[in-house]
Amino acid sequence: MKTHQERMAKKKEVIDKRIASATEERGVLILLKGNGKGKSSSAFGTMARCVGHGKKAAVIQFVKGRTETGEYKLFRDHALIDWHVMGHGFTWETQDKEQDIAAAKKAWQIAEALLQDDRYEMLVFDEMSYMFKYKYLELAPVLEALKNRPKNQNVMITGRVMPEGLEEIADTISSIRDERHAFRLGVKAQAGIEY
Ligand code: ATP
Ligand code: MG
């Protein structure tokens, strides 16, 4: 039977080998998906980490829920962050499809310009996946722009269901599973937790 120390030494060896072989330096595409709570907040948390290191970031909110979220209030005036809110309310509140498509296209124009600008090291495309689900945007040009973005640029995309094409080119995919949510226990959406 191996001692604890022997097992730990073996583990360290394996991890050290892995660390030594991960030598590439480049920006990554991260997808945060699933039905559980924590996608947008994870993206904004990672953005805060990035900005904390003095790197420039931009956010595009493709679906406008509440405008005055805590993260928006905290970050909107930050010198290193550009924050764009597009869209008109949640999808189930949407009544004007043409208006939504126009908003999606406008948001994509901004996104496309950001994807060519190497000053931005972190882009957050919040709820972008809905643009594909509802066919407000075509996927092919988005994939092209993502593939051709500056090498140092990180991109995070959130949304419950990701199109296959995006998953194919992503570097990191985290799926957040909904095990339980306070809402179903009858707890009201709260400032500081939900928005
Ligand atoms: P968060 O912004 O808290 O990280 P999210 O981005 O993972 O959440 P969305 O699908 O964007 O989740 O939903 C936005 C809002 O709905 C948030 O206020 C969130 O708390 C709430 N929410 C997320 N998942 C669930 C769920 N499974 N049931 C009920 N409400 C949810
Ligand atoms: Mg979200």
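How exposed is Y134, as judged by relative accessibility? At 33% relative accessibility, Y134 counts as partly exposed, a class lying between buried (under 20% relative accessible area) and exposed (over 50%), with a 1.4 Å probe and protein chains only.

## About the model

This is a predicted model, in which local features need pLDDT of at least 70 and side-chain atom pairs count only at pLDDT 80 or more, while totals for chains, interfaces and linings use all residues. Residues are numbered from 1 along each chain as its sequence is written, chains are lettered from A and ligands numbered from 1 in the order in which they are written, and side-chain values use heavy atoms, leaving out hydrogens and water.

## Aromatic pairs

Let's turn to the rings. The structure holds 5 aromatic pairs, meaning Phe, Tyr or Trp rings (the six-membered ring for Trp) with centres within 6.5 Å; planes under 30 degrees apart are stacked, over 60 edge-to-face and the rest tilted. Y72 and W83 make an edge-to-face pair, at 5.8 Å centre to centre and 75 degrees between the planes. This pair joins helix α3 (residues 70-75) to strand β3 (residues 81-85), 11 residues apart; helices (H or I, at least four residues) and strands (E, at least two) are DSSP runs numbered from the N terminus.

Y134 pairs with Y136: the ring centres are 5.9 Å apart and the planes at 35 degrees, so the pair is tilted. Y136, at 9% relative accessibility, counts as buried.

## Around G27

G27 sits in the loop between α1 (4-21) and β1 (29-33), and its 4% relative accessibility makes it buried. Beyond neighbours within four places in sequence, G27 is in contact (heavy atoms within 4.5 Å) with R149, K151, N152, Q153, N154 and D171.
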